[in-house]
Every structure is written in C-alpha cells, then in structure tokens.
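Dear colleague,

Please find below the structure that I am handing over to you. My notes on what was found in it follow directly after.

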Number of protein chains: 2
Amino acid sequence: LGKSNTKFEIERPLICVQGLGFVGTAMAVAVASAKDSQGNPLYNVVGVDLPNPVGQKKIDSINSGVLPLETVDQKLIDAFNTAHTQGNFLATSDTSFYKLAKVVLVDIHLDVDFSKEEPSIAFSGFKGAIKTLGENILPECLIVVETTVPPGTCEKVVAPSLKAEFEQRGIESEPLVAHSYERVMPGADYFASIVNFWRVFAGVSEAAGNACETFLSTVINVDEYPLSRLHSTTASEMGKVMENSYRATNIAFIEEWARFAETVGVDLFQVINAIRKRPTHSNMRQPGFGVGGYCLTKDPLFAKLSAKEIFGLEGMDFPFCSSAVATNNVMPLVTLQKIKDHFDGDISGKKMLMLGVSYRQDVGDTRYSPSEIFVRAARDKGAEIVCHDPLIDYWEELQTDVHNEELPSVDSFDAVVFTVPHREYLELDLAQWLGDSAAIIIDANCVLSDEARQQIKDLNKTVISIGRGI
Amino acid sequence: LGKSNTKFEIERPLICVQGLGFVGTAMAVAVASAKDSQGNPLYNVVGVDLPNPVGQKKIDSINSGVLPLETVDQKLIDAFNTAHTQGNFLATSDTSFYKLAKVVLVDIHLDVDFSKEEPSIAFSGFKGAIKTLGENILPECLIVVETTVPPGTCEKVVAPSLKAEFEQRGIESEPLVAHSYERVMPGADYFASIVNFWRVFAGVSEAAGNACETFLSTVINVDEYPLSRLHSTTASEMGKVMENSYRATNIAFIEEWARFAETVGVDLFQVINAIRKRPTHSNMRQPGFGVGGYCLTKDPLFAKLSAKEIFGLEGMDFPFCSSAVATNNVMPLVTLQKIKDHFDGDISGKKMLMLGVSYRQDVGDTRYSPSEIFVRAARDKGAEIVCHDPLIDYWEELQTDVHNEELPSVDSFDAVVFTVPHREYLELDLAQWLGDSAAIIIDANCVLSDEARQQIKDLNKTVISIGRGI
C-alpha cells in the first residue's frame, strides 16, 4: 500500500466503496458515520475511484477534507466533516485496498450505449471493475452491488466473474455477492435518503444475503425503516429498475394530457392538484420541461436489455417502458415548438435566455439534462441561447459558460425560458426584473406562481405555460 | 304526479337522482341521509329510472324498502333502511318529479360504442336524458352531472341542450350546470366512499359552481374532506377521466414486468411489495387476471373521443391511454395462453372450473368482467367452462348459470382457475378440497397465499401463477 498516502490511525473493519459519484460518495459518508452502541465509528472507509483527472480530483478533495460535490444538505456536509476529522474516511485510486476489505460497495456507473441504432448495455467498464475486485478481494469479502443494473447481472455476470478470478487464484469458496439498491435523492435530504429510507436487498446465496443484512443493519436506521429481503438478486435488481420505470412512465403519461389541457383551455396543474388529494393518486406527476438525470433516462431500458443480452430472450419488448423513454426524450422539444409557433415558425436569430441548466431543482448536476436537448435543438434552428443556473458555472456537455450569479438584463432577449424551478427563480421579483422588456416569457416547468403569471399578464407581456391552457 | 304512488309526508327541498345504478342509488341514499344541525333530514329524494323492466325492478325494490343492489357494506344498508323508515327516499319512473327539483344529480350511463372499428361516444341516451331535464326543470334548478363524461360535455353538450329547451319554454335565464365527480367504490366502504371522501367540482357559471358547492357541503363531510373547486367543468371532467386513465395505465404497466418475472424466475408480487414501501410508489399495481368494471375499461378512451368528437381536434392520440386499454383488454388471454401451453396448445374438450365471475372481489357486478373475455375465448377453443361465484347466480352477459353455493367437486376437471380473490376463495381449505384430483391449478389473480401454493406443490400438483416465476 506504499503508493498511497492513505492510512488509518485506529484499526477497524475496512469497507471499500468502488466509485465516488453522487451515490458512492454519499454512501461512503454514511458508512463512515455508522456507530457502535458506545458512539464509536464502526468502520474505516476507503473510497476508490479511477486514476484519471476526474477521479483524482475527487480523491484529493476528500483527503483534504472537502466534499467533492455541491449539496444544500447540511447533514451530509456535517457527516463528511466529522468523518474527515475522526479520520475514518479516505480516498484513493489504489485498488490494493480491496485486498483488506470486509465489504466492497459497488457504486460505479453502468450505462446504456446509445451510439448505435439499437441501445445496448455498455458493460465493459463495469465488468472490468468487477474483475479488479475478483483479482484482489479476500474470499470472505462481501460484494454489495448498489449500481442500478439490468436484472440478472449479479447472478449471471458478477458472481461468475468473481468465481472465475477466484479459480485463477486457487480460491475454492463461492464469492459472496449481494444486490441492494439505494434510493439516494440528491437535494435537501441527500444524507437522510440513505440512512433513513427503506432498503431492498438479496444475496446470490443465503450466506451473502445474511452478510448483506448484517452490514446494512449497521448503516441504515432499520428500526424505523425495516429492510426488505427478496428471494433473489434478480428480484432486487428488477425492483430498482421497475421502480424507476414506473416513475418514468408516470411522467410520460402526463404529456398527452398536457397537450390536451393546453388546447382546450384547462389548467392541468389545478386538475392534478385536485386528483392528488386522493391518496391512491397522490404521486401523479405534473407537466414539465423534460426528464433528466442519470437514472430515469436509461433505467427503463434495462429490463428489455436484460431480457435480450443477459437472458437471451426474444420478443420481450416492454412497450410502456420504451414509450416512456421515447416520450420523455422529446419533451423539451415541446417547449421549443411553442416558442417557434409564437415566432411564426422561425427562431433563427432569436436571442433566448434559458434559466436552468441542471436536470433538477436545487441540484448542480447536468447529466442528461433536458436543457441540453432544448439548447442543441434551438441552436440547430439558429437561435442564440444564453444560459443561467445558480448551481452551474461551466456546462461540460455543451462546453458552454453558464451565468451563475446575477441574472443578466432581460432587455436584449426575445424570449425568457424558465426550465428549472431552482429556489432563486421562485424567489425572483419578476415585475422588477422584466421591466418594460418585450421578451416573451415561457414557463416550461411550473416555475411561476399563479400570482407571478398574473403579474406578467398585467404588464401586457406574453406568457406561455407548459400544461396550462388558461 | 297522479301516475306515481310516491309522496312525501313532510315537505323538504326535493333532490332528484337521475339513474339508479351503482352510483345513483348510493348517492340517493347519501343525500337522503344528509341532516341539518338538529339531526333532521334535509331533503326529500326521488330516484328516477327508466320505465323498463330493469328500471321498474329497482324502483319497486326501493319503494318496498329493499336496497336494489348486493353489498357487504352495512353502513349503506343501514342508511337506506333509515331513509326508507323516515320516508324521504322514493323512486319512480315519472319524469314529472323533475319539475319540482331543487337539484338534479345526473347519474346515468354514458358508454363508449365499441361496435364499429373506431370507438365513439354513445351519446344518444345521455343526450335524451338531458333533454328530458330541460323540458321539465325549474329555471333555478341546479343540474349536477356526476356521470363520467368526455371533457367538454357540460359546456358543449349539457348546457347548450338545457338552454335550447329553456328557450323553447320561453325561459330566459341560463341553466345552472355543474360537474362533480364521485369516487364511489362498491365494496366494504361503499357508503363512506361517497360521504367521507374528497370531491372535485366546477360550475359552467360562477352561480352554478356556488350552488354546487353549497349543495355538496350538506351531503359530504367537507370538514374532513374539503372540496376542490376547479376553474371549469371541462377541468373537472378531465380530472375524473385522467384519474381513471392513470389507474388503467398503471395496471397495464405491470403486464410487461409480469411476463418478464414469470420467464426469469422472479416472484413479482414480492418485488412490488418491497417497492410499495416507498411512499411515492405505494400505489403500484400488481399482476392480475384482467381489468373489468364499467370505468377503467372505457374512461381512458374519453379524452381521445372528447378531442375528436367534442372539440373537433385532429391528431390527439393519447398513446398511453390507448395502449392501456388495449393491453388490459387482452390480459385474460395471457392466463388462457398459459393453460394452453400446459396442455401442449390444445384445450379442446378440457373441462375447467373458473372461480370468479364478477369484475372485482366481494362485488357482484359482471359488467365488462375479464372472466367474460376468458370464457368466450376458452369456449371458442373448445374448452368446457363451469363457473362459480359466491355473489352471482346468473351471468347475464353469457346467459350462463353460475354455481354460487358450495364448490363443485374438483374431480372431473382438468384445470381450476382462480380469477377473483373473493373472500370465500381466500378462506378455502385447498388441500382438502383438491384431494387427489389431477387438475392443474391456475392462480390468475393472487388468490392463493404462499402457504396455499406450497401446499399444492407438496401434493405434487401443478400450480401456475400469474406474475410469479417461482
């Protein structure tokens, strides 16, 4: 372990977290925060990421006591600071730490490859990471896959891969593989969404399931949020994928109603708020700008890809999941179409200010943001887009600078498009900011209150709202 | 009013209920149960149905003190008995009662005509009923449409029709038209689902909305279940249709997962139970035999039909709603296919016992029952089906006698298909009943517990369960 500058002063069982993304980092903090009945930390935690610039930046950040992600959740920040101070959370790119681990949590990405006509599972990075574990871990080390994976992955890919490496190493025992899915929700309750939330898990073997249960029970508040153990890892993997597919489908379901409401003069938000009072319908989604983020944009395809690539089944089409992804993908273009309609079909040369770049309110994450789809299409039609987002300063995907402090003056714009309900936009003094600008206002994501919209109308300005026909 | 033998001993404002079906009858009982602060009945209620044998049977039943529907809800029975005893609920086919009504609740059917290639709204009966009201009601009578109708119906069909009749009669005032949708759920909480549940409503005019609010507040427990007033009747109509479309879509969504789970060895019920612990996903549906009843089978088509027939809009396709109806319609055939697969593709001459005829557990309603689709298709393939249902003795739609007392001996059957989780079936002593019969058991609707299924397997019998791959 000489390469690394990471060492722990107190000896405790070592838990490794493979992958320091939005889930892995927060999970590592949660594990480092686990305490015994005397209030002493239970584990030493090592977060392992790749030895590339992005990975090394996170590693350095963690080791210097700075949480490597933007968050508004003070609990996560406090828990990280405590772990840093007590010295039981370090990060490294040195995979030899896996040799000492009691548990490895797998929190790396598993993407869908959209580059060809038919999407496929982009398995190589994931498989490589599992192989690395197989080359290093102790026979009795528990592998807990938290990554959202196509159902069947633990049984058909992870366990066989580890087993093959074990055989190479002359180890006869079965690897201990479990799947447990997180429901991390970056935002105000980021940390609580790990430790104070229901967990589903299963082991490939009875022993792996038992070990996973024991471990999770030390990290999660299982008294208030009892664990759900399923009969197989395929069932657990299916749970996560189905859960996100349900959400994506329920978002897509709203689209046809939004267009109908806009056309026949109905405020669909008012309708949905009334429907939501019925407890069985309280999770109905609202019209919006689009669906982004790492999960809902790809997870609904995992069942179909699993059937095809993991189980070799023909003709399993998952029509609702596929339609959901397709519908959600083109959702941002609905807003663009409304703007085009307003400008008689031609937005070439029009200057637009887009307020909101990230995929979700109060989160600084641009992955698969619907704003990206919107901006690419708008630029394609000759529009000039200026972007603002209080939580983003540079937009990687579009290699574009983003205004993130004061709002620019609205005077030079033909249109202002509200795309993300960030706190800053909800609190905006609209009338003052808009002044006597001639820009049209597009509320693509229920950013403006009834009062704010009325204010704009009172100023004799045009306001177009997604999902509202009045 | 000489034709009718209905009269009230005490004078109170008269509320008419047009249509004595599952909604109208229960609603009439609820209105008759409304009391002032001294505990005295507020209204006299007249239920009006058609002068045909079915209508007359209901009318006679009500007037002789017998609730004209099967129910397990003692509260509804008690409330009906009280209304009968206190003499403020009568029934008639005499439409001249509308002449005296303060409020008319419209609870008649509005069907979709499926007889042609493209479904259409079967509007004639509904329009005729509204015309009858226009010919009779006082100018100040409030019409509350409770029927589930295509959005736009109150504004574009009901109000203009009443207005035309008013003009014929020389009445200048605008008719008072409101829409308020019930969420009646026949079953154990039938009565409570009217008076102790959230209501959505709107008026075509401000005055109609106000009158509707005043009236509903006397019938519904609005202190605990505040009313939701929407900006237009079209919005209220859309709410009901959207609510049921949401449910139908969420049922259909499960189908692709059920087939996947069955194929890859997963118990989808276990998965869904784990997912449901997450409050945002607690309403996820389960795999099942099919979708029946009067609402979910047609309501998801009403938005599309409204766009086309009421608003004259082209190209509004409602893909999720249409797919939901299509998927749900063929759901019972999945069970049939599994039986065929078991018998190597040929069920000709096979004798099957189907347990469950109604569309819903503990309800004696055969309208659009999935069992109907199943039986027709099975008979078409040469199978012989014997039907049992504790709540049905004669199956109108199939003109078939239904066993409704003791279960027949299983010995002569090749297959036993559980289609409805009626209480009687849940409590069945399976092992004893099955004995050493060779019949295969199909659990199409989660009727059998884990223990019951294990019991069957222990008897070395074949059990096929929809939604379970283990």
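I begin with a link between the two chains: A:R278 and B:E243 form a salt bridge, with 2.6 Å between their closest N and O atoms. The term stands for a side-chain nitrogen of Lys or Arg within 4 Å of a carboxyl oxygen of Asp or Glu. Across the interface of chain A and chain B, the rule finds 2 salt bridges.

Please note that this is a predicted model, in which local features need pLDDT of at least 70 and side-chain atom pairs count only at pLDDT 80 or more, while totals for chains, interfaces and linings use all residues. Residues are numbered from 1 along each chain as its sequence is written, chains are lettered from A and ligands numbered from 1 in the order in which they are written, and side-chain values use heavy atoms, with hydrogens and water left out.

The interface

Between chain A and chain B, 21 residue pairs are in polar contact, both residues being at pLDDT 80 or more. A polar contact is a pair of N or O atoms within 3.5 Å; within protein, one must be able to donate a hydrogen and the other to accept it, and residues adjacent in sequence count only if both atoms are side-chain atoms. On the side of chain A that touches chain B, α8(A) gives the most, with 22 residues. Helices here are DSSP runs (H or I, at least four residues), as are strands (E, at least two), numbered from the N terminus. The residues of that side of chain A divide into 39 nonpolar, 17 polar and 9 charged. In this division Ala, Val, Leu, Ile, Met, Phe, Trp, Tyr, Cys and Pro count as nonpolar, Asp, Glu, Lys and Arg as charged, and the others, Gly among them, as polar.

Contact (heavy atoms within 4.5 Å) involves 65 residues from chain A and 64 residues from chain B. The area buried between the chains is about 5700 Å², and carbon and sulfur atoms give 73% of it. Buried area is the accessible area (1.4 Å probe) that two parts lose on being put together, summed over both. In chain A, the residues that lose the most area to chain B are A:M242, A:Y246 and A:F320, together 15% of what that side buries.

Aromatic residues

Over all chains, the structure holds 27 aromatic pairs. Rings of Phe, Tyr and Trp (its six-membered ring) pair if their centres lie within 6.5 Å; planes under 30 degrees apart count as stacked, over 60 as edge-to-face and the rest as tilted. A:W198 and A:Y225 form an edge-to-face pair, 4.7 Å centre to centre and with 80 degrees between the planes. A:W198 lies in the loop between α6 and β9 of chain A and A:Y225 in the loop between α7 and β10 of chain A, so the pair ties together parts that are 27 residues apart in sequence. A:W198 counts as buried at 19% relative accessibility, and A:Y225 at 18%. Buried means under 20% relative accessible area, exposed over 50%, and partly exposed in between (1.4 Å probe, protein chains only).

One aromatic cluster is formed by A:Y246, A:F311, A:F318, B:F253, B:W257 and B:F260.

A residue in chain B

B:F318 has a positive phi of about 50 degrees although it is not a glycine. B:F318 is placed in the loop between α10 and α11 of chain B and counts as buried at 1% relative accessibility.

With kind regards
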